[in-house]
Amino acid sequence: MGCCYSTSKRTGTPGYEEPTVLASQTPCEYHDPSLNVTVSEVEALHELYKKLSNSIIEDDLIHREEFQLALFRNKNKKNLFADRIFDLFDLKRNGVIEFGEFVRSLGVFHPNAPLEDKITFAFRLYDLRQTGFIEREELKEMVLALLHESDLELSDDMIESIVDKTFSDADINGDGKIDQDEWKAFVSKHPSLIKNMTLPYLKDITLAFPSFVVRTEIEESDM
């Protein structure tokens, strides 16, 4: 499908692909959604990528701690969200994020990306054990991670109540797990679940590429 990864001698960036190729990318085996970015946005993303990929280890590859530092300004604090998003961005599953992977994965966060793609990505985010279903324990882990990041302190009983109510509402057929169709129906009733699946700054990335990650972090901390 014309979705190969290549390394450019011109840039020296591992996994670099020409902006014109990436911007016109069709869906591929690594990532279902087609890209939703322009050539100029890809070029700006390359500048951002160079900053992130050399923030700790200067090798033009984004390592897990560099990714976490970019998202949460902390490279040491264990973070379930950062780990899960990193794993989904690491399309080759080789422990680092290359430039092509970075652009392809960020495409789903673009304001112009189809809602269906955002819902699917969010489902994969919650499907911690990659079984094709979201189980109650996985939902609880994500709720606990959310509470931890927001510094909210709730009693164990309150947390269990939130998890039980959410899971029972989403698990329409009552089989003890949430499949993709149930997830889609649940998100349609509660669209705030995928609010963070859109980064408005990707649309102005050509002007504001160095700050969109930081600005998004600040925006989320105010929620």
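How many residues does helix α2 have, and how far does it reach from its first C-alpha to its last?

Modeller: Keep in mind that this is a predicted model. Helix α2 covers residues 39-52, which makes 14 residues. From first C-alpha to last, α2 reaches 20 Å. That is close to the 20 Å expected at 1.5 Å a residue.

Now its buried side. The buried residues of α2 are Glu41, Val42, Ala44, Leu45, His46, Leu48, Tyr49 and Leu52. In soluble globular proteins, nonpolar side chains tend to be buried together.

From α2 we reach the core. The largest nonpolar core has 48 residues. Phe89, Phe102, Phe109 and Trp183 touch the most other members. Helix α2 is among the elements that give two or more residues to this core. The others are α3 (64-72), α4 (80-89), α5 (99-106), α6 (115-126), α7 (136-150), α8 (156-170) and α9 (180-189). The largest share comes from α6, with six residues. Domain 1 (34-113 + 198-214) and domain 2 (115-196) both give residues to this core, so it lies between them.

Next, the chain around α2. It has eleven helices and two strands. From the N terminus on, the elements run α-α-α-α-α-α-β-α-α-β-α-α-α. Of the 223 residues, 44% count as buried. The chain exposes about 11600 Å², and carbon and sulfur atoms supply 52% of that area. Take the contacts in the chain with a separation of 6 or more: residues 24 or more positions apart account for 54% of them.

UniProt, in an unreviewed entry, places the feature "domain: EF-hand" at residues 77-112, 114-149 and 158-193. In the model, residues 114-149 are 72% helix and 6% strand, and their end C-alpha atoms lie 28 Å apart. Residues 158-193 are 64% helix and 6% strand, with end C-alpha atoms 19 Å apart.

Phe133 lies between α6 and β1 (134-135). Phe133 has 27% relative accessibility, so it counts as partly exposed. Leaving out residues up to four places away in sequence, Phe133 touches Phe123, Asp127, Glu138, Lys177, Ile178 and Asp179. Phe123 is ten residues from Phe133 along the chain, and their C-alpha atoms are separated by 8.3 Å.

How values were computed
Residues are numbered from 1 along each chain as its sequence is written. This is a predicted model: local features need pLDDT of at least 70, side-chain atom pairs count only at pLDDT 80 or more; totals for chains, interfaces and linings use all residues. Side-chain values use heavy atoms; hydrogens and water are left out. UniProt positions are given in the numbering used here, feature names are shortened, and annotations may be inferred rather than shown by experiment. Helices (H or I, at least four residues) and strands (E, at least two) are DSSP runs, numbered from the N terminus. The expected span of a helix is 1.5 Å times one less than its number of residues. Buried means under 20% relative accessible area, exposed over 50%, partly exposed in between (1.4 Å probe, protein chains only). A nonpolar core is a set of buried Ala, Val, Leu, Ile, Met, Phe, Trp, Tyr and Cys residues joined through side-chain atoms within 4.5 Å. Domain bounds come from an automatic or database domain assignment. Contact means heavy atoms within 4.5 Å. Accessible areas come from the Shrake-Rupley method with a 1.4 Å probe; for residues, only the protein chains shown count as cover.
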